[in-house]
Amino acid sequence: MERRLTLKDRKAHKHMLNKKLNLYLKRPTHKFSQRKDIKVLFVLLFVCIIFSSCFHKKTTPLKREEKRHLSVKEEIDQNPLRTLLEYLRLTESDLKIDPYIADEDYFRLDKVNVLLDNPLKIEPYAGYLSKSIKESKVSLKKMLSLAIEELEINIDSKNIQDLSSIDENNQFKDVLLNIPEDARDELLKFLSIACLAQTKLNEAFSPLSHSEIGFLKTYFSEMIIKDKIELTEEIQAPAKSPSMREEQYVKETSFYLASKINREQLYEASLMVAGALDHLLKNSEILRTISTNNEVNGDNALNGDIILCEDTPLGKVIIGGKEPTYYRNTNAFLIIDLGGDDEYHNISPDLDSSPSSSAIIIDLEGNDLYNSSKKYSLACGSFGLSFLIDCSGDDRYLSQDFSQGCGFFGVGVLYDKEGDDRYLADIMGQGAAAFGTGILCDLKGNDSYHGNLLNQGMGFVGGIGLLIESQGNDSFFSGGKYPDFREPDVAFDSFSQGFGYGYRNFGSGGIGVLWDDEGNDHYSSSYFSQGSSYWLAIGLLIDNGGNDIYHARRYAQGTGTHLTVGALIDRLGDDCYTSMSVSQGCGYDFSQGLLFDNEGDDTYSAEWFAQGTSGSSGTGILIDQKGNDSYLCGSFNSQGSGQYSTKMESGSIGLLIDLEGKDRYSVKGEDDCLWHQGKYGGGIDSSKSTWDKNTSSWSDRELTSDKETTVTIIKPPVFEEKELLPELESSLGDEDYRQIVIKKFSKKGPSIIPHLIDYLDIKDALLKQTIMDIIREMGKVAAPVLIKALESNLETSLTSSVLYMLGDMEDEQSQDTFIYYLNADNPKIRSMAMRGLSKLTPAPLLVDILPYAKDENPSVRKYLAMALKEYEVSEAIKVLTNLLADDNFNVRFAAFESLKGNEAKAKKCLLNLIKHQDRYPVYASDLAKDILKGCGVGN
C-alpha cells in the first residue's frame, strides 16, 4: 500500500518548511538573476576572484592515469582482483547485479538470483557442478537426481520406490512366459516399477485437461520452432491476426497452465524408472540369456532377428536377438536388443492412448542407426519419460525436432556408453529441455554433434538441458540454417552449447550445460552459444581438459544478455577463442558474463566489444590464470572496458585479469601493468601473482540467497478489452516503420497519450520504448496529461513508467508531483520521482530531497547525487562528499561528477574526508583526491 499525501497537503507542508529554512537554504546559483539580489552578485564575484586559479584549471576535463606498472607491493599481493578494483575505485560488491529489478515469476531459480548478485560465485558453482556431473554420469538415477537438484525441486525420498520394495504385480503374471525365468523375473520387476511410475505420471498431469495438454504441446512447440515455421511456411497465417493484448493473454495462459503441472510427481516417476534401469543394466548378462524357439513373424514394423514381441499393460515389449534387427514406426513401451547392427526408424511413445506415456530402448551391442523423421522421438520425454540406452558400438543418431535427450514437459535421456558416434538433429535436441529435463550423456569415443537450433545443453523455461561428454576428441557444431535478423547473410541463430534461455517478461529461463571432461575438442557456432544465456537463466560450457578451439560470432563464449548469467570455464590446455563481438566474458543489460581459463597458452581473438567488457549496466569478466597468452581485439570497448549508458543513466563494469605468463595485447594491456578503460573498466596483468586459495573471493560457498524468497504462484490471466491503435499492432521491428509511427503519433499531440498509456501494460520492450519515444517527441506539452494520468491511481509498474516519461519532459510544473511520489513505498517509484527532480530547473529545495541520502534504493541515492549538482551550499556539498563513500559505484560516481563542478566549495569537505580516511572506504578518499587534482590541490 503506497503512502499517499494529497498534492494540496504537500504544498502546504512545503510552504511551512520554506518559511523556516529560507534564511540559509537557497536555489542553485545559476538562477540568481531571477532573485534580483545584488548582494549575491557581489558574493559570487568575490568567490570567482579568490578561486580563479581553480576555475581556470577546471576547464580541462579531469582525467586519471590510464595505465601504470604494478608496484612492488601490488606484485606481491595475492589478490590481484582487489588490486585492480582498488585502482578503479571499485569493490567486489560493485560487480553484483540486483536480480530483483525484474518481477519474480513461478519458474525463477534461486541460484540465478544468487549468481547475478555475486559473479564471484559463478566459477565455484561451475566447479561444484562439474564435480557432481563427474560423479553422477555412471548412473541414470544419479544424473537425474543432480538435474532435479539443480532445478530446485524438492523430492521426498520416501515416495521413490525401488525394486526392493516391489511386490508381485498381478497385471504382469501372464506376460513374458516364454523367456528364461531369471530374465523374466528381472523384467517383471522392472515393469512393476514402471507401472507405479506411470501412476505418478498420470497424477503429475492430472491438474490439466486433455485439451489443455494439447494446447501446451502445440503452443510451446510452435514457439520453440518459430524460426523453422517462418522460413518453411509450414503453417498459414490466420485470417485475422490477434491483437497484442490477445497475444499476451495467450502467453500468460500458457505459462499459467505450465505452472499447474505437479513437477514433484513427474520427477519421482522419472527417478523410479531410472533406478530400475540402472539395476537392469547392472544385470545385463542375465538379459543376454533371453532366447525363444517361437517364431515371430516379421511385418512392416519389425524385421530381422526378433525373438519376442508381446503386449503388456504398459504397451509392447519387444526383444531383438544378437543378429541385425530392424524396427520401424512402432510405439513400443520397451525395446531390448541383445546385439547386431540394428536400425531404429521412427520409434516414439504412444502419444494417442494417454496424455502421459513412456518409451525405452536398450541396445546392448552393435553399430546401430537411430533415425526419425518425426518430432518427439529418440529419447524425447514429451509429457512423459523416454530413455535410449546404447551400451557399445559406433552409432548414428539422425532426427528432426525434439529428440536425442530432450525433455519437453517430461524427461528424456540418451545414454551412450562407448563408441565413435555421430549425432545430427534440427531443433531442440542433444540435451535440451523446456519444462522438463533433457540429458545426452556419451561416456567414450571421438564423437561429433551437429544441431541447428536449441541444441547441445540448452535449458528453456522450467528446464535443464545437459550434454555430458566424458572422453574423446569431439566436435560440436550448431547453427548454419536459421539466419539471425541482424546479419541474415552471414550469421545464424544457435542458442546452443551450454545455453540458458528465458522468455522475456513472462518466464525466467532454465539451465543449459555442455560439460566435456577430456580431449582436444572443437566448438563451432554463431549467435547465442558457448556458455551464454538470455533472460534470467544460466548457461555454462565447462571443458576440463585438452587443447580446444572455440569459434562463434556474437553473444557467445561466456556472455549474458538481459538479466542473466553466462560462463565459459576451461580448465586445461592451449586453447583458441575466436568470435566477432559481445563475447569472451561480456555482460550486457544487467547480466553477468564470465570467461575463466585456468591454464595454457591461449589465444583470444575478436573484432569489438569483447574480452572482459560490458554495456547497459552489465558486468563482464575475463580471467586467465596461467600461460603465455595473446589478446587480439579492436579498440572499441574491449580488453577490460566498462561503459556508462546514457540511456540507462548507469554504469557497467568490464575486467580483464591475466596472471602468470608473458602476454601480448592489441589495445591497452601490458605485462605487469594496471590499466583503466571506458568509464569503469580496466585490467591487470600480473605475471608474479596467483590466486590465493584462502582468498575469500573464490571460496566454494553454498549457493543460497541472502534475501528472502517466496514461491510465486501464477494467477489465471484475465483479458481486458481496450481500444486498439492499429499502427502499434503492426511489427515495430522495422526501424523505418517505427520512426514513421513515432512521428505520426507525436503530431496527434497530448490527446493520444491516455491511449498510449493503455498499451504500457503489454509486456513488450520495443513497444514500451516506442511509446516513450512518441511522448518524448511531443515535448513539454505532454506533461499536464502525464500528471493527470498519475492522479488516476495507476498500477505500480505503470506509475514508474509514466514518472520516467514525465521526467524526460523537464517541466518545472511537475515538481510537486515528483515530490509527492518520493513518499511511495515502492523503491522503483521513488527512484523515478528522484530522477524527475534531478532534471528540473530550477532544482528542488534541499529540504525536499536531502532526507533521501540514505534511501535503501541505490537508484534514489544516485539521482539525488545528480540533483545536487547545481548546489553550492554546504548542506549539499556535505551530502555529496558522504556519497563518495556509498557502497554502490553508480551512486559515488554520480556524486563524483556533481562535485567536479564545485571543487572550490567542496575543498574543505574533501580534505576533511582525506584527513579521516580511516573512517571511510579506500575508494572514497581516492575519489576525493581525484577531484582535488582538478584544481591543483594534489595529494
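Modeller: What follows is a set of labels, each with the value behind it, and please keep in mind that this is a predicted model.

Colleague: Let us begin with strand E46, residues 681-686; what makes you call this strand mostly covered?

Modeller: A residue counts as buried when its relative accessible area is under 20%, and six of the six residues in E46 are buried. Both faces are covered, with Gly 681, Gly 683 and Asp 685 buried on one side and Gly 682, Ile 684 and Ser 686 buried on the other.

Colleague: Which strands pair with E46, and in what sense does each of them run?

Modeller: Strand E43, residues 653-659, pairs with E46 in the parallel sense over five bridges, and Asp 658 stands opposite Asp 685 there. Strand E45, residues 673-677, is joined to E46 by five bridges and runs antiparallel to it, with Trp 675 having Gly 683 as its bridge partner. E45 and E46 form a hairpin with three residues between them, and Gly 678 in the turn has a positive phi of about 70 degrees.

Colleague: Turning to helices H20 (residues 783-790) and H21 (residues 796-809), why is H20 called roughly antiparallel to H21?

Modeller: The two helices pack at an angle of about 155 degrees, with their axes 10 Å apart. Angles over 145 degrees count as roughly antiparallel, and therefore H20 is given that label relative to H21. Their contact brings Ala 783, Leu 786, Ile 787 and Leu 790 of H20 against residues of H21 that include Val 802, Leu 803 and Met 809.

Colleague: How do you know how H10 (residues 181-204) runs relative to H14 (residues 263-282)?

Modeller: Here the packing angle is about 170 degrees, with the axes 8 Å apart. Because the cut-off for roughly antiparallel is over 145 degrees, H10 is roughly antiparallel to H14. The residues in contact divide into 15 nonpolar, two polar and four charged, and among them are Phe 190 and Lys 200 in H10 and Met 272 and His 279 in H14.

Colleague: What makes E8 and E40 the edge strands of their sheet?

Modeller: Ten strands form an open sheet with parallel pairing, in the order E8-E11-E14-E17-E21-E25-E29-E33-E37-E40, and E8 (380-382) and E40 (641-642) each pair on one side only. Two bridges join E37, residues 613-615, to E40, and Ser 614 stands opposite Gly 642.

Colleague: Are Ser 617 and Glu 660 buried, exposed or partly exposed, and how do you know?

Modeller: Ser 617, in the loop between E37 and strand E38 (619-624), has a relative accessible area of 8% and is therefore buried, the limit being under 20%. Glu 660, in the loop between E43 and strand E44 (664-665), has 25% relative accessibility and so counts as partly exposed, a term used between 20% and 50%. Phi is positive in Ser 617, near 70 degrees, and in Glu 660, about 50 degrees, although Glu 660 is not a glycine.

Colleague: Where is the cis peptide bond, and what is its omega?

Modeller: The cis bond joins Thr 841 and Pro 842, with omega about 5 degrees, and Pro 842 is found in the loop between helices H23 (827-838) and H24 (846-849).

Conventions:
Residues numbered from 1 in each chain as written. Predicted model: local features only at pLDDT ≥ 70, side-chain atom pairs only at ≥ 80, totals over all residues. Heavy atoms only, no water. Buried < 20%, exposed > 50% of the residue type's maximum accessible area, 1.4 Å probe, protein only. Helix = DSSP H or I, 4+ residues; strand = E, 2+ residues; numbered from the N terminus. Pairing = 2+ DSSP bridges. Axes fitted to C-alpha atoms, helices over the stretch in contact; angles between N-to-C directions. Parallel < 35°, antiparallel > 145°, perpendicular 65-115°, else oblique. Contact = heavy atoms within 4.5 Å. Nonpolar A, V, L, I, M, F, W, Y, C, P; charged D, E, K, R; others polar.
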